[in-house]
Amino acid sequence: MPIVAQSTETTDWVSRFADEVIEESERRAPGKPVVVASGLSPSGPIHLGNLREVMTPHLVADEVRRRGYQVRHLISWDDYDRYRKVPAGVPGVDETWAEHIGKPLTSVPAPKGSAHPNWAEHFKAAMVESLAELGVEFDGISQTEQYTSGVYREQILHAMRHRGDIDAILAQYRTKKAPAKQQQQKPVDEAELEAAEGSGAAAEDDGSSGSAGYFPYKPYCGNCEKDLTTVTSYDDDSTELTYSCTSCGFSETVRLNEFNRGKLVWKVDWPMRWAYEGVIFEPSGVDHSSPGSSFQVGGQIVGIFGGKQPIGPMYAFVGISGMAKMSSSKGGVPTPADALQIMEPQLLRWLYARRRPNQSFKVAFDQEIQRLYDEWDRLEAKVADGSALPADAAAHSRAVRTAGGELPRTPRPLPYRTLASVADITAGHEDQALRILSDLDPANPLASLDEARPRYDKAEAWINTHVPADQRTIVRDEPDTELLKSLDEQARESLRLLLDGLADNWSLDGLTHLVYGVPKVQAGFSADATPKELPPEIKTAQRSFFALLYQLLVSRDTGPRLPTLLLAVGQERVRRLLGA
């Protein structure tokens, strides 16, 4: 029996939508599983903007499951859509793929070197793998399989019988197209990643072409497989349909009640599926807010199929900060797999869970990822001690677990920025990394690097793929004798004070206290003095001292946090580079 009591997590957007979905499902289909839906087009790399199309219903479905209801989260793979263009920057793809434009995505060859049978399966596979890592439970539906097996045959015949009604609805929104505005293309690290309307079908015609009248159905050509076809006649009684192909000149007459090589045009296809699947909840992108959009038109057309439009929010775009050229060249836009290479699933889930669907946000691939991880770790601490606000605690809960249980997590979640610094300095030497990380907390050292995984691996991947070479940390091999000779007595004293305290403070906390304390002691204050007890010039002295250490250790004015850098370099080498 369903647990009808509302979740205790009532202050977040997910719970509010779950309340509405349960109520609507009981009104429309009492006693049946709650159906939520997403649609994805594997027409190229499925990016982080498309992921919102999945995460929004996933989070709502998961909350409904937590309350004891049966839920189906459908992901319709729009793999029977036409291949529209050759995407730029996809490895293994060249201009010869243009000859396949107009074919179903499942009839287009996969990129060279792919292990998958066709274009759609190649890009679908990467998304399926990412969704598994994110803990997203779903029922996948291939539209190629649905159409070519005849599952939608009755719906197609019904649409053809009611083509006049469909045409009348579409006619309300048909206007002359305004000239396209010239837009400057944004670089990927500034661009907003939007899910194209109708799972990639925004540009599809509504079936109104042809001198024989309106038909909401497009056959794929029996000769060239392309959808550059026009229906020239149709008989409702016999279901005989004649079409001609403008690409190759082929024409034929078929019986639509036996023909499975074509599909309903997008603005009819989507509402047909709402009715067929009984979808209660499905979000849509902000592009659906305009009159004539697929979602709005579908709200009228769905009634022709005896169904109702799903409830669901319009979701805002997802932005990207700092996508490095190395990664953006893999198809132009970052995918969930790109994000999961550098961040744990919990963090990525949290980014989608903590913002209401109508709020935009950015996924960080630059230094901002370190700040995000710091924020996440602070939230984890607040949840642990019970001080987190209810909405924040709810978002955290949705990030770390699903109705099926906890997501795998790092046993010892050390600070991401520290792990990144260690990975940077050690350049792949795991024994060195373990030595440094064990020194962070000598009272409770790591027994194995596996205790810090997978977070350590994510931080290492970020360093290797998103930090430019000129920002990487290279520790000096030999002391900078010229700089050491040029130091005045005050600078030399600061180095002596640091070196004298190394052995007794060889831990992350100890070295933090030491490096900040040296300028205080030099100025006549206690190393424990708080900022409120110190004059402003102490901060200036600290900055100068830090810059000196960076120059002597890595020949730059800045670098990783000094305590981490000192631990990484090791006591003996630090003493030698600082002129001991």
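Mentor: Let's take helix contacts, then cavities, then the backbone. Keep in mind that this is a predicted model.

Trainee: Fine. At what angle do α1 and α2 pack?

Mentor: About 70°, with the axes 9 Å apart. Helix α1 covers residues 13–28 and helix α2 covers residues 48–66. Angles of 65 to 115 degrees count as roughly perpendicular, so α1 is roughly perpendicular to α2.

Trainee: Which residues of α1 and α2 meet there?

Mentor: From α1, Trp13, Val14, Ser15, Phe17, Ala18, Val21 and Ile22. They meet Thr56, Leu59, Val60, Glu63 and Val64 of α2.

Trainee: How many residues of that contact are nonpolar, polar or charged?

Mentor: Nine are nonpolar, two polar and one charged in the contact of α1 with α2.

Trainee: Now the other end of the numbering I wanted to check. How do α20 and α22 cross?

Mentor: At roughly 120°, and their axes come within 8 Å. Helix α20 is residues 508–522, and helix α22 is residues 562–569. That angle makes α20 oblique to α22.

Trainee: Left-handed or right-handed, that crossing of α20 and α22?

Mentor: Right-handed. On the α20 side the contact uses Leu508, Leu511, Thr512 and Val515. On the α22 side it uses Pro563, Thr564, Leu566 and Leu567. Six of the residues in this contact are nonpolar and two are polar, with no charged ones.

Trainee: And α21? What is its packing angle with α20?

Mentor: About 125°, with the axes 9 Å apart. Helix α21 runs over residues 537–554. Again the angle makes α20 oblique to α21. The crossing of α20 past α21 is right-handed.

Trainee: Switching topic. How many cavities of 30 Å³ or more are there?

Mentor: Four. The largest cavity holds about 100 Å³ of space.

Trainee: What lines the largest cavity?

Mentor: Its lining has 14 residues. Ala37, Ser76, Trp270, Arg273 and Glu282 lie nearest the centre. At least two lining residues come from each of β1 (34–40), β2 (71–77) and α8 (266–277).

Trainee: Which element gives the most to that lining?

Mentor: α8, with five residues. By type, the lining of the largest cavity has six nonpolar, four polar and four charged residues.

Trainee: Last topic, the backbone. Where is the cis peptide bond?

Mentor: From arginine 453 to proline 454, with omega near 10°. Proline 454 sits in the loop between α16 (430–440) and α17 (455–466).

Trainee: And alanine 427, positive or negative phi?

Mentor: Positive, about 50°, although alanine 427 is not a glycine. You'll find alanine 427 in the loop between α15 (416–426) and α16.

Key:
Residues numbered from 1 in each chain as written. Predicted model: local features only at pLDDT ≥ 70, side-chain atom pairs only at ≥ 80, totals over all residues. Heavy atoms only, no water. Axes fitted to C-alpha atoms, helices over the stretch in contact; angles between N-to-C directions. Helix = DSSP H or I, 4+ residues; strand = E, 2+ residues; numbered from the N terminus. Parallel < 35°, antiparallel > 145°, perpendicular 65-115°, else oblique. Left-handed = near helix turned anticlockwise from the far one by under 90°. Contact = heavy atoms within 4.5 Å. Nonpolar A, V, L, I, M, F, W, Y, C, P; charged D, E, K, R; others polar. 1 Å grid on protein atoms, 1.4 Å probe; cavity = no way out; pocket = protein on both sides within 12 Å on 5 of 7 lines; lining within 4 Å. Points joined across faces, edges and corners; volume = space filled by probe spheres on them.
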